[in-house]
Amino acid sequence: MSVGAILLAAGSARRMGADKLTADLGGRPLALHAFEALLAAGFDRPIVAVAPGSAVAALFADRARLVLVEDHALGMGHSLAAAVAAVPGDWTAAVIGLADMPFVRPATLRALAAASVPDAIVRPVFDGTPGNPVAWGRDHFPALAALSGDKGGRDILARSPPTPLACDDPGVVIDVDTPEALAAARARFL
């Protein structure tokens with residue numbers, strides 16, 4: 001079985017501004033933290049969904065398979081659909097993460113990959129709270145590839161409740177999507 005990784009980095013950052021993913025966090029761009037955690041977890045050349053012309057694309061250089069999401073401004077569903085359409089045929093599952101979640105540990109990513117099977121969805125749970133990234137089995141790829149709008153996989157999760165994966169990683173519930181969240185994230189590096 002081959003489990004791959006997808007990083008969604010094409011959002012328009014309406015709550016924080018267009019430069020969110022390149023904002024400095026501990027001396028590195030915000031999005032690089034999530035990407036490098038995928039590499040540290042052993043994922044080879046993750047798929048990264050980016051907006052055309054985005055400065056964030058340069059962060060991943062030749063270490064990723066970039067997918068340009070032309071209609072990214074229409075919502076996360078479009079980014080998910082474009083990324084899943086680029087998945088290689090041998091992937092049995094994909095761990096799908098968000099570029100604005102810089103604190104997810106590589107061990108958590110490895111645990112999600114290890115728990116993945118083609119017909120299941122596995123979601124990390126920290127202290128009773130469901131988080132991200134989510135591991136999606138291949139059987140769910142067609143539904144993900146049909147997404148549009150700004151809902152992401154929420155409706156699919158409602159129809160096909162995920163298998164919870166208890167973890168001790170608070171990073172699965174920390175996203176940086178407001179100036180206040182960025183300030184709190186920066187404080188973690190002090």
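Two strands count as paired if DSSP finds at least two bridges between them. Strands here are DSSP E runs of at least two residues, helices are H or I runs of at least four, and both are numbered from the N terminus. Keep that in mind for what follows.

Now the ground rules. This is a predicted model, where local features need pLDDT of at least 70, side-chain atom pairs count only at pLDDT 80 or more, and totals for chains, interfaces and linings use all residues. Residues are numbered from 1 along each chain as its sequence is written, and side-chain values use heavy atoms, with hydrogens and water left out.

Start with strand β4, residues 47-50. Strand β1, residues 2-9, runs parallel to β4, joined by 4 bridges. Leu7 stands opposite Val48 of β4. On to strand β5, residues 65-68: 4 bridges again, also parallel to β4. There, Val48 has Leu66 as its bridge partner.

Are the faces of β4 covered or open? Both are covered. Ile47 and Ala49 are buried on one side, Val48 and Val50 on the other. Buried means under 20% relative accessible area, with a 1.4 Å probe and protein chains only.

Next, the core. A nonpolar core joins buried Ala, Val, Leu, Ile, Met, Phe, Trp, Tyr and Cys residues through side-chain atoms within 4.5 Å. The largest one has 62 residues. Ile6, Phe60, Ile96 and Trp136 have the most contacts inside it. Helix α1, residues 30-40, gives the largest share of this core, 7 residues.

Look at Ile6. Leaving out residues up to four places away in sequence, Ile6 touches, among others, Ile47, Val87, Trp91 and Ile96. Contact means heavy atoms within 4.5 Å.

Conventions:
Buried means under 20% relative accessible area, exposed over 50%, partly exposed in between (1.4 Å probe, protein chains only).
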